[in-house]
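Biologist: Let us go through this structure by question and answer. Keep it brisk.

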Amino acid sequence: MARTIAIGEQDFSKIIEKDCFYVDKTNFIKQWWENGDTVTLITRPRRFGKTLTMRMVEQFYSIRYAGRKNLFENLSIWKEEKYRRLQGTYPVIFLSFANVKANNYKDAREGIIQEIADVYDQNVYLLNDQKVTDHEREVFYKVNESMSDMTAARSLLRLSSLLFKYYNQRVIILLDEYDTPMQEAYVNGYWEKLVGFIRGLFNAAFKTNPYLERGIMTGITRISKESIFSDLNNPVSATVTSRKYETAFGFTECEVFQALEEYQLLDQADKVRQWYDGFRIGACDSIYNPWSITQFLDNREIKPYWANTSSNRLVTKLIRKSDVSTKLIMEELLQGNSFYTSMDEDVIYADLDTKKSAMWSLLLASGYLKVLQTVKNRRGKTEYELSLTNMEAVSVFDEMVTGWFSSSRLSYSDFSDALVSGDKKFMNEYMNAIAMETFSYFDTGVEFLESKRPENFYHGFVLGIIADLRGIYKVTSNRESGEGRYDVLLEPYEPETDDGIILEFKVFNPKKDSCLEDTVKTAIRQIIDKKYALILGTKCGWDKIRIYGFAFRGKEVLIDGGYLREYER
């Protein structure tokens, strides 16, 4: 009989005691211990089993679980006498920052402090030790919701000291989801404040702590050493491109197929592979997202389960702020293509606003992208070939790209429908309405400044607003055709029934144009004069090509155009 699936349960002991579905990952304990690294940072995409694995490590080593050998007796780690003797022999400090999601520094700091205070409450029995001094008791009680930054910074060090004194054994510190508050800090604009606070805490807990035996931190991103790890002499990192622990998080194909067999779902193996396989960790290029697999086993339905596991606020913010060339790459990715880029796996938050490579690093770490191969360019620098990970990632990524417009009371599919049907009146009404709702001063620029290229913003905006046409059209942008490079071209997959469409964007230039009508005429004339329609003419027929000029002035938009044949008379 197939085991019960406990969706969302992250307590290792409960899963084992209730004989719930579990893929044995206890070999990680041996791998980690024998590597001998003092501090290990492990980064994996969200919902990749990080918390469950950290709880497993805690319950294996913690003295609190010394009498719970039954949790491991039927698992791979119990095969070796050495590890049977290790179980339950260390004091362990376990913290998680997973729920520290605040829109301001005060609340974020309070969330972290509350997590530390809770750990102190769990260890209040230490004060019963006669070896504890009055000063240590006084400092212990200072660790509460109102403690100072200095007290907070040294709190884990002091707790380590008390545990060492009580057990005569150095401690293991486990910090799960260490980067969650920092992602929130970047999104909400208090990054610099939080970094200073976090750096002091990490330095005292993981570097200058003489009572530390080992430490593990998990998260999604490897934040640059200059930001928070400069005092740690660089913890050993196991990222998605590292071979360390490459099968310890996520499911291998063998593990997935064994699960499908247990639940009599082997007939769905091909669909499961298409939707949930594709994560590449180290040299292993067939890793599955465990959250999606367990959801599928429980629901027996193929769909994007990963989509509902996080707000994706940071990634969404970066997509919205990205320039037109980045949006073009996103369009290529959604059409199943790959691209090459150089990047550093360290995520430098200060660079996210200015360096495209920083965004690709984040998307890779987050699991949306995978590395197909690495190559050396002509300058000897490593470049990564990246693509979307699998069908589920395509679905989630597509939602985020098009979701830019979801906050509007207007449905972006209405604009797509109007564009396909040629309803210029509605196109103009819609675009002007949504411009008033969503365009800002800094997006569009009030004045025409060639160096700022506000046209790029409008270009990227329209690309997003027609994203749902990908099933009907092959959407390309900024490609050569005729005697120039068009802005957007929509090539129908069924040219017998659907028209080909060309879009050209122009921003009002007061030095050349007296009104928006002049600007839109310039856009249409450019399509004709540059012969952008050549590529469509041979595929759709010249009578089935429509051209549109988009003229923008701040939040004001004018769209005009029609069939190419009407302009060539």
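Biologist: Which residues of α8 do Ile116, Val119 and Tyr120 in α5 meet?
Modeller: This is a predicted model. In it, α5 contributes Ile116, Val119 and Tyr120 to the contact. Their partners in α8 are Ser155, Leu156, Arg158 and Leu159.

Biologist: How many nonpolar residues does the contact of α5 with α8 have?
Modeller: One residue of this contact is polar and one is charged. The nonpolar residues number five.

Biologist: Is α5 roughly parallel or roughly perpendicular to α8?
Modeller: Helix α5 covers residues 105-122 and helix α8 residues 155-167. Their axes lie 11 Å apart, at an angle of about 10°. Angles under 35 degrees count as roughly parallel. Therefore α5 is, relative to α8, roughly parallel.

Biologist: What about α2 and α3: at what angle do their axes cross?
Modeller: Helix α2 spans residues 27-35, and helix α3 spans residues 50-61. The axes come within 10 Å. The α2 axis is roughly perpendicular to that of α3. The crossing angle is roughly 75°.

Biologist: Which residues in α3 do Phe28, Ile29, Trp32 and Trp33 meet?
Modeller: Those four belong to α2. The contact divides into eight nonpolar residues, one polar and no charged. On the α3 side stand Thr53, Met56, Val57, Phe60 and Tyr61.

Biologist: Is Thr43 buried or exposed?
Modeller: Thr43 sits in strand β1, residues 39-43. Leaving out residues up to four places away in sequence, Thr43 touches Gly219, Ile220, Thr221, Arg222, Ala238, Thr239 and Val240. Its relative accessible area is 3%. The cut-off for burial is under 20%, so Thr43 is buried.

Biologist: Which relative accessibility does Cys540 have, and is Cys284 buried or exposed?
Modeller: Cys540 counts as buried, at 10%. Cys284 has a relative accessible area of 19%. The limit is under 20%, so Cys284 is also buried.

Biologist: How many disulfides does the count come to?
Modeller: A disulfide is a covalent bond between the sulfur atoms of two cysteines. The rule asks for a pair of cysteine sulfur atoms within 2.5 Å. The count comes to zero.

Biologist: Where is confidence lowest in the protein?
Modeller: The mean pLDDT of the protein is 87, and 90% of its residues reach 70 or more. Confidence is highest in strand β3, residues 171-176, at 98. Residues 441-453 have pLDDT below 50, with 14 contacts beyond near neighbours in sequence. The lowest mean, 43, belongs to helix α21, residues 441-444.

Definitions and conventions: Residues numbered from 1 in each chain as written. Predicted model: local features only at pLDDT ≥ 70, side-chain atom pairs only at ≥ 80, totals over all residues. Heavy atoms only, no water. Buried < 20%, exposed > 50% of the residue type's maximum accessible area, 1.4 Å probe, protein only. Axes fitted to C-alpha atoms, helices over the stretch in contact; angles between N-to-C directions. Helix = DSSP H or I, 4+ residues; strand = E, 2+ residues; numbered from the N terminus. Parallel < 35°, antiparallel > 145°, perpendicular 65-115°, else oblique. Contact = heavy atoms within 4.5 Å. Nonpolar A, V, L, I, M, F, W, Y, C, P; charged D, E, K, R; others polar. pLDDT = per-residue confidence, 0-100.
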